[in-house]
Amino acid sequence: MAAGDVAWFFQQLSLLTQAGLPLPECLAQLASGVQSRPLRRALKGLADGTQAGGSLGQLMDQYPKIFTPLHRQLVTVGEQTGTLPEALGQVARVALNEQQTIRRLREILLYPAISMTLGAW
């Protein structure tokens, strides 16, 4: 699962919930526009679960390969405190930072790998 897809999802969900749209409807709309098959399946499951009255944070526990424990905890706190749109915005920032960190680590590790490969010749 690409971290960028997750960051995009949380950013869009934050905007839609801030606009006052019902959570299940937001999730269903986002699911229809997602390219990633695993994320689409997860969003459809979240939409169905929230439509049935489930908690978004608890439903996200069913998708540990997509949503990290930190994502799930921030969403749960947002639900419990009535600040879900703001919490979703925070999760989007966290997910974006995770994506940037992963990209930087790959760049940092690429140079030594190339140097070692070329040095062996």
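D5 is partly exposed, because its relative accessible area is 30%.

Quick housekeeping. What you see is a predicted model, so to speak: local features need pLDDT of at least 70, side-chain atom pairs count only at pLDDT 80 or more, and totals for chains, interfaces and linings use all residues. Residues are numbered from 1 along each chain as its sequence is written, and side-chain values use heavy atoms, with hydrogens and water left out.

How many helices and strands does the chain have? There are six helices and zero strands, where a helix is a DSSP run of H or I with at least four residues, a strand is a run of E with at least two, and numbering goes from the N terminus. The radius of gyration is 17 Å, well over the 14 Å that the globule rule gives for 121 residues, so the chain is more spread out than a compact globule. That radius is taken over C-alpha atoms, and the rule is 2.2 Å times the number of residues to the power 0.38. Along the principal axes, the C-alpha atoms fill a box of roughly 60 × 25 × 25 Å. Of the 121 residues, 35% count as buried.

Now the inside. In soluble globular proteins, nonpolar side chains tend to be buried together. Here the largest nonpolar core has 28 residues, and F9, F10, L13, L27, L43 and F67 have the most contacts inside it. By nonpolar core I mean a set of buried Ala, Val, Leu, Ile, Met, Phe, Trp, Tyr and Cys residues joined through side-chain atoms within 4.5 Å. The largest share of this core, six residues, comes from α1.

Take L13 from that list. Leaving aside neighbours within four places in sequence, L13 is in contact (heavy atoms within 4.5 Å) with L23, C26, L27, L30, L56 and L88.

Back to D5, which is found in helix α1. D5 touches S36 and L39, not counting residues up to four places away in sequence. D5 and Q99 are 94 residues apart along the chain, yet their C-alpha atoms are separated by 9.6 Å.

L39 takes us to α3. Which residues of α3 are buried? They are L39, A42, L43, L46, A47, G49 and T50. Those residues cover an arc of only 170° around the axis, which puts them on the same side of α3; the arc is that of the directions from the helix axis to the C-beta atoms. The face turned away from the buried side carries the exposed residues R37, R41, D48 and Q51. After α3 comes G53, with a positive phi near 100°.

Helix α5 can be read in a similar way. Its buried residues are H71, R72, V75 and G78. They cover an arc of only 125° around the axis, which puts them on the same side of α5. On the other side of α5, Q73, Q80 and T81 are exposed. G82 follows α5, and its phi is positive, near 75°.

One last stop: I66, in the loop between α4 and α5. Is I66 buried or exposed? I66 counts as buried, because its relative accessibility is 12%. Thanks, everyone!

Technical notes:
Buried means under 20% relative accessible area, exposed over 50%, partly exposed in between (1.4 Å probe, protein chains only).
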